[in-house]
Amino acid sequence: MHLLIPAAGSGSRMKAGKNKLLINLNGESILYWTLKSVFLSKKVSWVGIIGQPHDRSEIMNSIKEFSDKINWINGGNTRQESVRNGVNNLPNNAMKVLIHDGARCLIKPELIDKCFTELEENDAVILAVKVTDTIKVVNENRIIKETPDRNFLWAAQTPQGFLVTQLKKAHQKAKENSWNVTDDASLFERLQWPVKIIEGNSTNIKITSPIDLKIASLFLGNSLV
Ligand code: C5P
């Protein structure tokens with residue numbers, strides 16, 4: 001099955017001065033570890049990396065081990081634009097696709113396989129975990145407006161998987177209507193298309209800030225992926 005990896009961010013919150021996926025983590029780039037898990041999945045047959053053209057040689061150099069199994073697609077200015085480019089450049093035989101952020105390098109291969117299996121029965125699925133903190137909705141002055149019932153709150157992760165025809169349509173609609181979202185499932189929600197949640201694992205963090213590197217380093221060192 002087909003899998004796309006958005007890897008075209010600038011990593012401004014990491015303050016590394018370069019694409020955070022190129023940062024060294026336990027001897028390899030962050031993106032290397034993501035791909036290591038992806039290629040341990042039994043169901044992945046085609047992988048596209050969505051990256052910025054100016055990062056291409058450095059990225060490919062950091063993932064040499066997989067270079068003959070990788071298809072390159074140019075990314076855009078936002079994650080949404082990057083994924084749209086990715087989906088529009090899938091091979092014609094791609095019926096369903098998983099999107100997995102390059103920054104989630106602790107993903108377990110079994111969870112990637114679980115997403116593919118669930119995608120056989122559903123048109124849209126995402127990995128998510130139950131929220132353990134009590135979440136507050138605030139106004140612009142950080143005054144609390146509301147505390148939603150935690151029993152209905154899940155934190156979205158990736159992989160997120162979709163029927164390719166629907167995902168293309170959703171991204172096209174988003175472009176036409178200037179919707180700006182931070183994950184692909186949000187587009188399906190706006191169109192009132194159902195998305196099924198698959199329970200994931202809280203170690204599947206997205207590397208965002210310097211502290212996440214320390215956490216990921218520990219998990220990788222303990223072979224928890
Ligand atoms: O910035 P953040 O970590 O939320 O981005 C999530 C994923 O989307 C990352 O793997 C990042 O490389 C990717 N991305 C992208 N194109 C952009 C911005 C982010 O592919 N323009």
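P159 is found in strand β10, which covers residues 154-163. Strands here are DSSP runs of E with at least two residues, helices are runs of H or I with at least four residues, and both are numbered from the N terminus. This is a predicted model, in which local features need pLDDT of at least 70 and side-chain atom pairs count only at pLDDT 80 or more, while totals for chains, interfaces and linings use all residues. Residues are numbered from 1 along each chain as its sequence is written, and side-chain values use heavy atoms, with hydrogens and water left out.

The peptide bond that leads from T158 into P159 is cis, and its omega is near 10 degrees. R142 sits in the loop between β8 (137-138) and β9 (144-146). Most peptide bonds are trans, and most residues other than glycine have a negative phi.

The protein as a whole has 7 helices and 11 strands. Its radius of gyration (taken over C-alpha atoms) is 17 Å, close to the 17 Å that the globule rule gives for 225 residues, so the protein is as compact as a globular protein of that length. That rule is 2.2 Å times the number of residues to the power 0.38. The C-alpha trace spans about 50 × 40 × 30 Å along its principal axes.

Now to the ligand. It is surrounded by 16 residues, of which the closest are P6, A8, K20, S82 and K206; a residue counts as near if one of its heavy atoms lies within 4 Å. This shell divides into 5 nonpolar, 6 polar and 5 charged residues, with Asp, Glu, Lys and Arg classed as charged, Ala, Val, Leu, Ile, Met, Phe, Trp, Tyr, Cys and Pro as nonpolar, and the others, Gly among them, as polar.

Which backbone atoms approach the ligand? A polar backbone atom of P6 is 2.9 Å from a ligand oxygen, and one of A103 is 3.3 Å from a ligand oxygen. A backbone N or O atom of G76 lies 3.0 Å from a ligand nitrogen. The protein buries 86% of the 460 Å² that the ligand exposes when taken alone (Shrake-Rupley method, 1.4 Å probe).

Technical notes
A polar contact is a pair of N or O atoms within 3.5 Å; within protein, one must be able to donate a hydrogen and the other to accept it, and residues adjacent in sequence count only if both atoms are side-chain atoms.
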